[in-house]
Amino acid sequence: MMGCWMLNESVSVVLALSWLGVNLYLFIDTFRWYGEEESFFYTRVILGSTLAWARASAVCLNFNCMLILLPISRNLISFIRGASICCRGPWRRHLDKNLQFHKLVAYGIAINATIHTAAHLCNLERYHLSQSAEAAGLLAALSKLGDTTNESYINPIRTSHTNTTTELLSTIAGVTGLLISLALILIMTSSTEFIRQISYELFWYTHHMFIIFFISLSIHGAGRIVRGQTPESLLLHNVTFCRDHYAKWQAAAQCPVPQFSGKEPSAWKWVAGPVVLYACERVIRFWRFQQEVVITKVVSHPSGVLELHMKKRNFKMAPGQYVLLQCPSISSLEWHPFTLTSAPQEDFFSVHIRTAGDWTRALQKAFEAEGQAIKEPRSLPRLAVDGPFGAALTDVFHYPVSVCIAAGIGVTPFAALLKSIWYKSCESQTQLKLSKVYFYWICRDPSAFEWFADLLLSLETRMSEQGKTHLLSYHIFLTGWDENQAIHIALHWDENTDVITGLKQKTFYGRPNWNNEFRQIAYNHPSSSIGVFSCGPKALSKTIQRMCRVYSSADPRGVHFYYNKESF
C-alpha cells in the first residue's frame, strides 16, 4: 500500500519536504546567527531570545512570500507544462497541484507571521520596561544611549511615560505591521471553503488585499526598529571587555560609546522578482481582456446550464483546458474559471456554465438565453476571455488506458476530451497512444443528463458506424429519482435504448462499486499504466485516490493507476 501511495504522491512529498526543509534551515540558521552574533549582543541584553524568534520568523516569512505568487501564475505554469523538456511524467502531473502548494505556502506565511508578531510585541514591551525606573546596570545604560549628542540609540522607545500602543502606531514598522496583519487575517478567513461556497465574490475581493500586503511588507523594515552595533564600532568597542565596564564608556579610551544602526530592509529583495512576474501575468490578462470575443450561440438548458459558443482570433486550445471569463457588465474585476467543452478541431470554443452563485445567476439573466435562439450580437453583453490554461486532463492522451470519472457538472471537462478522441481516431495520419477510455458519470438529477447525453448519443452513433465502439466504454449512474420516474423506468426497461438518456448503454441506478470497477479494469489491463482523471466533490476524489493505491501493483511490471484531479 505504501509503495502504491509513493507511486502517485512521490513528487508531492519530495516538494513538500523540500519546502519544509528550507523553512527549517532558514529558521534555525537565522535563529542561531542572531543568538550568537557579536553585533547584536547589546540588543540581546534588552530583548533576550525574542530577538532571534522575531528575525528567524521574518526570514521564513520573506521566503514564503517569495513563493506565494508563483503557483497562481497561470501563464507561467502553462509555459512550463507545454515547453519545458524537463517537465515530463510525474513532474508534469503534479503541476496541477499548484493550488495545494499555494495553500501550503499560505499556512507557512500565517505561522511565521504569528510568531513574528508575538515576538515583536514582547520586544516592544521589553524596550518599554528597559526605560522604567526599575531598570538598572547595563540594561539602563543601553536604554539611555542617544540622550546626548554624538550618540546613537539602541532602544527606539525614548521614555517610559509613553504608551506602547501609541509607540507602535507612530512607527513605520508598527503601521505597516498592522496593515499586513489585517490583510492576512481577511485573506485567510475569507479563503475557507465555507466562505467560498456562500460568497465567492467575498473571497475574490478580499484576496486582492494582497496588494496592500506586499506594499506594506516591502516597506515594513524601513523604520529599522531592531538595531545592532555598527562594524566600525565593533572595531573600537570590544564587547567582551566593555560590557562589564559600561560605567566608564564615556571616559575610558578602550571603551568608547558603542554606535548602533538599523539593518537595511530586505523583504523587497525577496518578493521583487515574483511580484514583477505576477505583474506581467496581469498585463497579459489585460491584453487578452482587450481582444474581441464573438459570441456565436447561446443555449439555455432546462437543467440550469448555460451553453456559450464563442470565437476569438488566434485562440488555440487542447482538450481539458479551461478559460477565465469576465463579464464587465456584471463585474469589472471578477474572473471565473470554466472548462472548455469544445474540441480543438471545432471552429469555435464553448463553455457550459451551471447557475450556482450570484455571478452565474447574473450571467444567465444577462444573456436571457431561451432555447436555441440567439439575440442579435450587438445586444449581447460583452465577455472577456483569458486563457486557455493547462489542466490535468490534457495528459489523458499520454496513457495507453485512461479512466475518466465525473460527478454532476464535473462532466464538462470530459466533453472536450470525448469529442477530441473521436476526431483523433478518425484522422488516419494520427497514431494514438490511447487505446481505451473508461468513462463514468455519476449524477443526481435526470434532467442534468440532457445536454451531455446528446453528445454521447452522437459519439455512440459515429463510433458504431466506424466500427470503433471498442475505444470508449461508458457507464452512467443516476443517484436520485422519485417514485413516478422509477415506475416509468421499470415499464420501459426492455426497450433497446435507455429511457433516461436514449443511449444503447443502459443507465445504472445507485452509486458505483468502485472496488469492482477498478478490479475489473486492472484485470483487463494487467501490465498497463492507467491514467485516472477525476472531477467532482472531495469525497469522490478521496475514494478514487484510495482505489488507485489499492489496485496498483507493487510489481513494476504490473498495472499502475496514476491519479489526477481536475482543479482550477
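Three strands make an open, antiparallel sheet in the order E3-E4-E7. This is a predicted model, where local features need pLDDT of at least 70, side-chain atom pairs count only at pLDDT 80 or more, and totals for chains, interfaces and linings use all residues. Residues are numbered from 1 along each chain as its sequence is written, and side-chain values use heavy atoms, without hydrogens or water.

User: What makes E3 and E7 edge strands?
Analyst: Strand E3 (293–301) and strand E7 (349–354) each pair on one side only.

User: Why are E4 and E7 called paired?
Analyst: Two strands pair if DSSP finds at least two bridges between them. Six bridges join E4 (residues 305–312) to E7, so the pair meets the definition. The two run antiparallel. In one of the bridges, His309 has Ser350 of E7 as its partner.

User: Which helix lies across E3, E4 and E7?
Analyst: Helix H16 (residues 358–367) does, running at about 70 degrees to E4.

User: What counts as a helix or strand here?
Analyst: Both are DSSP runs, numbered from the N terminus: helices are H or I with at least four residues, strands E with at least two. The protein has 21 helices and 14 strands.

User: What share of the residues is called buried?
Analyst: Buried means under 20% relative accessible area (1.4 Å probe, protein chains only). Of the 568 residues, 49% are buried.

Note on methods
Contact = heavy atoms within 4.5 Å. Axes fitted to C-alpha atoms, helices over the stretch in contact; angles between N-to-C directions. Buried < 20%, exposed > 50% of the residue type's maximum accessible area, 1.4 Å probe, protein only.
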